Amino acid sequence: MNETMVCAVGNVATRPVYRELANGASARFRLAVTSRYWDREKSGWTDGHTNFFTVWANRALATNVGASVSVGDPVIVQGRLKVRTETRDGENWTSAEIDAVAIGHDLSRGTSAFRRPSKEGEPAAAHRPEPSWESAPDTPPGGAPGTPPGSAPQQRPEPVGVT
């Protein structure tokens, strides 16, 4: 099948609307995608034109969008592009929609915590402890191997809070 697959990076512009339909769940929201470019004359970044897309999600993706996405969230949407042209009251209207296959938060602009939804009839998964990312046990108390005792330990980066 020849379909136009796109990947759009932008911000959620409207509150997702979630509906339970006869053939499964459906959700939609508007996505604002603004191009940015380096303006040599101003020596700074400048916002270009903003394109708006209506994003449609179905079934499990719709349910997860309803629980995870809110206005202003930076997201990445992958799906089939559909451009429609129609005439309303003598005027031509063009709209662009994305039938989403995948939607996720843009982690280059914040953090996100992933949770798997529990399947019906299955008990909730047992909580697994965080893996230990600490140094190996043979590391001296001062820090990394080969570091003299008493020297300052290395600083670890802190995760950035989501705004």
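This is a predicted model: local features need pLDDT of at least 70, side-chain atom pairs count only at pLDDT 80 or more; totals for chains, interfaces and linings use all residues.

Colleague: How do you know where empty space is left?

Modeller: Rolling a probe the size of a water molecule over the atoms shows it. Here the largest pocket holds about 730 Å³ of space. Its lining has 25 residues, and Ser68, His105, Ser112, Ala113 and Phe114 are the closest to the centre.

Colleague: What makes up that lining by residue type, nonpolar, polar and charged?

Modeller: Eleven residues are nonpolar, ten polar and four charged. Helix 1 gives the largest share, six residues. Strand 6 also supplies at least two.

Colleague: Which residues of helix 1 are called buried, and why?

Modeller: Leu61, Ala62 and Val65. Buried means under 20% relative accessible area, so these three fall below that cut-off.

Colleague: How do you know that the buried residues line one face of helix 1?

Modeller: Look down the helix axis. The buried residues fall within an arc of 100°, so they share one face. On the other side, Arg59, Ala60 and Ala67 are exposed. The cover over the buried residues includes strand 2, strand 3, strand 4 and strand 6.

Colleague: Why are strand 1 and strand 5 called a pair?

Modeller: A pair needs at least two bridges, and these strands have seven, so they qualify. They run in the antiparallel sense. Met5 has Arg80 in strand 5 as its bridge partner.

Colleague: What makes strand 5 and strand 6 a hairpin?

Modeller: They run antiparallel, joined by 14 bridges. Two residues lie between them. Asp89, in the turn, has a positive phi of about 50°. Gly79 has Ala100 in strand 6 as its bridge partner.

Key
Residues are numbered from 1 along each chain as its sequence is written. Side-chain values use heavy atoms; hydrogens and water are left out. On a 1 Å grid over the protein atoms alone, a cavity is a set of points where a 1.4 Å probe fits but cannot get out, and a pocket is an open set with protein on both sides within 12 Å along at least five of seven lines; lining residues have an atom within 4 Å of a point. Grid points are joined across faces, edges and corners, and a volume is the space filled by probe spheres set on the points. Helices (H or I, at least four residues) and strands (E, at least two) are DSSP runs, numbered from the N terminus. Ala, Val, Leu, Ile, Met, Phe, Trp, Tyr, Cys and Pro count as nonpolar, Asp, Glu, Lys and Arg as charged, and the others, Gly among them, as polar. Buried means under 20% relative accessible area, exposed over 50%, partly exposed in between (1.4 Å probe, protein chains only). The arc is that of the directions from the helix axis to the C-beta atoms. Contact means heavy atoms within 4.5 Å.
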